[in-house]
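Subject: Structure handover

Hello,

Please find the structure below. My notes on it follow.

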Amino acid sequence: MSEEKFDVIIVGGGIAGSVTALLLARAGLEVVMIERGNYSGAKNMTGGRLYSHCFNGIIPDFAEIAPIERKVMHERVSMMTETSNFTFDYTSDRLAQPGKESYIVLRGIFDRWLAEQAEKAGAMAVNGILVENLIIRDGKVCGVIAGEEQMFADTVVLADGANSQLTTKAGLQRKPVTPHQIAIGAKELFELDEKKIEGRFNLAPGEGSAWLFAGWPSGGMTGGGFIYTNKASVSLGIVVTAAEFINARKSVNELLEQFKAHSAVKPLIEGSKLIEYSGHMVAEGGYGMLPRLYSDGVVAVGDAAHLVINAGYTVRGMDLAVGSAAAAAAAIISAKSRGDFSEKSLSMYKRLLDDSFVMRDMRRFRKYPRFMENRRIFNEYPEMADEIFAGVFVTDGAPQASMFSKIFKTAKKNGLRNLAKDCIKGVSTL
Amino acid sequence: MNILVCCKIVYEEQDISVLPDRGLSYDRAELKLSLYDLNAVEQAVQLSGNIRALSIGGKNKDNGKIKKNLLSRGPQELYIVTDEALSGADTHQTATVLAAAAKKIGFDLILCGEGSADLYAQQTGIQLGELLGVPVISSVSKLTAADGKIIAERTADDSVDVIEAPLPAVVCLTSDINEPRIPGMKDILAAGKKPVTEWSLADLGIAAPEVTVDVISILAPVGKDRKRIIVEGDDKATELFDNIKNEVRS
């Protein structure tokens with residue numbers, strides 16, 4: 001059989017895959033992008049936020065043409081206990097600066113659009129096909145296998161997401177991913193009238209809020225709850241580190257149910273209609289747990305490369321996916337010009353990535369995953385916030401202590417040394 | 001043998017939502033190929049020959065993903081007739097346009113699904129044969145072709161009718177005739193390069209066919225409210241039983 005060979009096969013048509021395909025097709029390479037869903041985004045459940053800076057220079061008029069849900073104008077972080085909730089809410093014109101703003105997106109819609117941009121640029125999209133294996137000859141990745149079929153390419157780009165099996169097969173993920181490197185997420189999507197969303201979340205038309213919760217939502221385990229406002233729906237969910245469930249008393253579904261029933265959450269979704277529910281894995285091992293990113297004839301991008309930052313107050317994956325796609329595309333275009341797709345030639349990908357915001361930020365937050373395993377953040381501190389503010393706001397006619405003594409007394413309970421240590425550690429890892 | 005397969009593009013039934021007034025909303029409904037027509041496409045591939053697909057509909061049926069999906073299943077090319085006058089076309093209108101297009105394309109055998117996934121009127125194929133003046137065999141569960149004729153089987157309650165007809169002919173196939181194949185990645189890649197011919201009614205030299213059926217209303221059936229009686233506990237079996245008994249009686 002004569003081997004028809006493409007320049008590049010991309011496995012996965014999500015953000016990382018589509019952007020890689022778009023840039024390679026623009027450069028005139030023959031690109032096939034294989035997506036297991038019937039369309040890009042069909043299998044995606046992320047309900048979250050995309051930092052738009054990553055599209056500067058890739059899709060210059062991104063803000064005008066991309067199908068986004070809402071522009072994030074409220075950053076909210078809460079510490080929640082069973083019976084209380086303390087939220088800070090930051091809003092500022094600075095969040096809206098062109099090229100620096102972020103958007104809530106629904107990936108089922110967004111990824112489809114992005115894949116279409118790649119197709120318009122000349123990439124060939126193959127949907128509804130699951131790539132099960134790679135063709136590897138003499139240690140070099142030469143193509144992909146789906147069912148009985150084989151397809152060959154000079155370079156294979158693995159963009160198959162957090163649960164990538166192919167990075168293992170390509171020898172990039174040498175050690176099995178441990179439960180500490182992966183979180184379990186469950187999300188529900190509630191349909192709600194646009195005006196009601198804007199009223200309940202204090203938003204101007206078209207504006208959205210990104211909201212993360214620590215404490216009660218994860219049942220005191222490493223993780224948290226989130227709420228994102230879409231155009232006419234609300235994404236609400238829980239993410240908890242997989243390792244926590246080994247000894248957990250509650251399942252992720254039970255946590256989600258109790259989160260929805262919390263008095264600070266329930267009114268937000270009152271009268272809405274549940275239209276979708278889903279679960280997925282989130283890579284969050286951080287910089288220290290990254291797999292190898294390239295080898296002979298193969299590179300990994302986006303979630304498949306575990307390029308995700310969880311910094312507690314914000315979670316980033318989509319912009320890193322775009323950044324890694326841009327670096328991978330540049331490296332592959334350069335490899336093509338040399339006609340050399342060896343590991344050495346493709347190492348340019350890692351160099352470009354190291355110099356980009358992707359690795360600068362991955363390194364910046366490298367200690368954070370360990371810090372987040374500190375249970376005080378998910379247990380004692382939300383309780384502490386509750387006690388402090390109860391002391392400040394609950395008035396019963398009894399003589400009031402000074403604000404300082406109230407805070408000091410509560411803080412002392414958790415051990416001032418621990419608190420000081422966590423503060424310093426928390427700030428220094430960020 | 002020139003085989004023409006008629007395919008209807010319909011709304012994904014899972015995406016159709018029922019409005020409070022029991023009307024239907026297609027706002028969020030994706031389009032797809034009518035399920036029964038996939039059997040017709042598969043049968044064409046199994047008979048082998050020069051296979052062309054034909055579809056008609058309103059402008060919204062001009063959907064790249066569906067065209068590619070259809071072509072990935074085996075037809076060598078696709079003809080599609082779109083015109084606003086054809087959105088929500090009745091069976092007579094559909095058959096009239098299909099007949100005009102079929103004449104223009106040329107055919108030995110036309111394959112249709114037994115009915116469409118949305119209305120399942122089982123009319124279009126039969127009317128199409130009548131308009132073209134060729135034999136029609138419907139409810140066919142087995143089909144072979146040889147020497148300018150076809151042999152079709154219709155499964156009745158306690159017998160199988162075997163019918164022979166000369167070509168050209170129209171055959172409507174039941175969904176148990178075959179198992180439509182799932183396209184492979186090379187089929188999908190190749191589909192993107194296959195020719196698609198797009199026609200308007202003017203290209204066929206016909207006016208919009210007369211509407212013969214007036215749709216007065218389409219309403220979802222009245223739903224029954226859940227009783228929301230929850231019985232919990234190991235010793236509540238009797239209570240549960242009594243509840244069921246009372247509900248069945250009332």
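Contact here means heavy atoms within 4.5 Å. On that rule, 11 residues of chain B are in contact with 19 residues of chain A.

This is a predicted model, in which local features need pLDDT of at least 70 and side-chain atom pairs count only at pLDDT 80 or more, while totals for chains, interfaces and linings use all residues. Residues are numbered from 1 along each chain as its sequence is written, chains are lettered from A and ligands numbered from 1 in the order in which they are written, and side-chain values use heavy atoms, with hydrogens and water left out.

The interface

Chains B and A bury about 1300 Å² between them, 57% of it on carbon and sulfur atoms; buried area is the accessible area (1.4 Å probe) that two parts lose on being put together, summed over both. Of the area that chain B buries against chain A, 50% comes from B:K65, B:M185 and B:L189, more than from any other three residues.

The rule finds 4 salt bridges across this interface, a salt bridge being a side-chain nitrogen of Lys or Arg within 4 Å of a carboxyl oxygen of Asp or Glu. In one salt bridge the side chains of B:R28 and A:E191 meet at 2.5 Å, N to O. On the side of chain B that touches chain A, the elements giving two or more residues are α2 (64-72) and α5 (185-191) of chain B. Helices (H or I, at least four residues) and strands (E, at least two) are DSSP runs, numbered from the N terminus. The most comes from α5(B), with 4 residues.

Helix α1 of chain A

Helix α1 (residues 15-26) of chain A has 12 residues and reaches 16 Å from its first C-alpha to its last, close to the 16 Å expected, where the expected span is 1.5 Å times one less than the number of residues. Because 11 of the 12 residues of α1(A) are buried, it is largely enclosed by the rest of the structure. Buried means under 20% relative accessible area, exposed over 50%, partly exposed in between (1.4 Å probe, protein chains only). The cover over those buried residues includes β1 (5-11), β2 (31-35), α3 (107-120), β10 (149-158) and α8 (318-338) of chain A. After α1(A) comes A:G28, with a positive phi near 90°.

Lysine 32 of chain B

B:K32 lies in strand β5 (residues 31-33) of chain B. It counts as buried, at 16% relative accessibility. Beyond its neighbours within four places in sequence, B:K32 is in contact with residues including B:Y11, B:E13 and B:I66.

Regards
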